[in-house]
Amino acid sequence: MQKILVEGGNPLKGKVRVSGAKNSAVALLPAAILAESKVIIEGLPQISDVDILAQLLEEIGGSVSMQGRTVHIDPSNMVSMPLPNGRVKKLRASYYFMGAMLGRFKKAVIGLPGGCHLGPRPIDQHIKGFEALGAKVTNEQGAIYLRADELRGARIYLDVVSVGATINIMLAAVRAKGKTIIENAAKEPEIIDVATLLTSMGAKIKGAGTDVIRIEGVDSLTGCMHTIIPDRIEAGTYTILAAAQGEKVLIDNVIPQHLESLLAKLREMGVVIEEGDEQLLVQPGKELKSVDIKTLVYPGFPTDLQQPFTSLLTKATGTGVVSDTIYQARFKHIDELRRMNAQIKVEGGSAIVSGPVQLEGAKVKASDLRAGAALIVAGLMADGVTEITGLEHIDRGYEQLTEKLTNLGANIWREEMTEEEIEQFQNS
Ligand code: EPU
């Protein structure tokens, strides 16, 4: 088991290249189940969530060959094997096996998904969609059983705007008979990316990226080649890092339009950002001013950037109020930031950050992926050395984080934990 050590204070400068989008990749891989011939996906991020999904595809009989960032998936010998637990529990996105296996085999048995602990994360809207398409869905001893004699298109209104439910329903509906309409659909760029892959496979989908998606089911889908979009959350994390501790950082392989809400907030704080077609040049302003943020569904401020943004606010002058309307309990990073001298109160579901303060290095624990990103931002700004444990969360979503930051001039490295440290970590 390893920990990250960061010695704060070094100014970041140079260029960083953003990897392929995690939250697209984790849906594109299961989507390959729906094809009858080889699917090639290019530009995958090299993160542990991708490795686990590739293993799950193999578990159901897929032939998966990973060559660097390109994966070749031959789904022709896949079968509807139950996937009750084990790897399924390691990540949230294993729930996409439900929609994809239901679409292809009309049946699936999948354990309940895991993923970051961000408070309650129900999947009732996914199930509502599957049932509307004609599936019988039961929950038996911690596994979801799905079965349909036939999937029929339906009109489905999502009571909650959900990325996962929108994608999962699309995956099943592309193979349903007739027309499906998903109303109040999520509009995240990852949904468009999955729809693009499915369309290349022969699916008929209109409206992805708007809140009404129309799907005309088809009898079969074929293999195809697809290049994944850049990771807007990784790009956003580096943009925040550059605002916090950058001198002049060029972020490459980014779609600036995907980050409009973040860029607007950073500019309000005084950060200077130039946008190119696929690049952002970020320079800190003279003084950072506090702002309030409220996370919303896309194109609002992303919940996945709320935690690293909170760290940045500790450096800004004034009081910033952070409210997360997507995951009201996504505040586990706050106690850790307080250990580093951050002045943050949690009141009525909001975090109130007072600044500026000089953060100080401390021993902290990443309790989830983006909490990890928040601690990295804090560690780079802090006086002294910060030790971050819980790297299994960070490695789920950030490719080569320490290498990318070292290239930008950060003093950051990994070390093996001693047995005593591992024991302390496990008991904490
Ligand atoms: N919700 C329900 N019922 C459902 C589904 C969702 O009530 O059936 C609620 C959730 O509890 C939450 C809200 O709806 O309050 C939005 O959840 P959504 O379904 O959109 O989240 P998700 O699909 O499970 C994805 C990302 C998350 C990201 C959220 C919100 C993946 C694999 N995960 O989760 O990413 O925070 O959308 O944008 O795509 C991360 O990358 O760190 C991460 C957690």
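From which domains does the shell around the ligand draw at least three residues each? Domain 1 (2–19 + 230–427) and domain 2 (22–227) each supply at least three. The domain bounds come from an automatic or database domain assignment. The model is predicted: local features need pLDDT of at least 70, side-chain atom pairs count only at pLDDT 80 or more, and totals for chains, interfaces and linings use all residues. Residues are numbered from 1 along each chain as its sequence is written, and side-chain values use heavy atoms, with hydrogens and water left out.

The ligand is surrounded by 25 residues. A residue counts as near if one of its heavy atoms lies within 4 Å of the molecule. Gln125, Ser162, Asp304, Ile326 and Arg370 are the closest. By type, the shell holds 12 nonpolar, 6 polar and 7 charged residues. Here Ala, Val, Leu, Ile, Met, Phe, Trp, Tyr, Cys and Pro count as nonpolar, Asp, Glu, Lys and Arg as charged, and the others, Gly among them, as polar. Several helices supply at least two shell residues each, including helix 1 (22–31), helix 4 (124–132) and helix 11 (369–381). Helices (H or I, at least four residues) and strands (E, at least two) are DSSP runs, numbered from the N terminus.

One from aspartate 124 lies 2.8 Å from a ligand nitrogen atom. One from lysine 22 lies 3.2 Å from a ligand oxygen atom. For arginine 330, the distance to a ligand oxygen atom is 3.3 Å. Taken alone, the ligand exposes 830 Å², and the protein buries 90% of that. These areas come from the Shrake-Rupley method with a 1.4 Å probe.

Tyrosine 298 and proline 299 are joined by a cis peptide bond, with omega about 10 degrees. Proline 299 is in the loop between strand 17 (293–295) and helix 9. A cis bond also runs from glycine 355 to proline 356, with omega near 0 degrees. Proline 356 lies in the loop between strand 20 (350–355) and strand 21 (363–365).

Terms used
A polar contact is a pair of N or O atoms within 3.5 Å; within protein, one must be able to donate a hydrogen and the other to accept it, and residues adjacent in sequence count only if both atoms are side-chain atoms.
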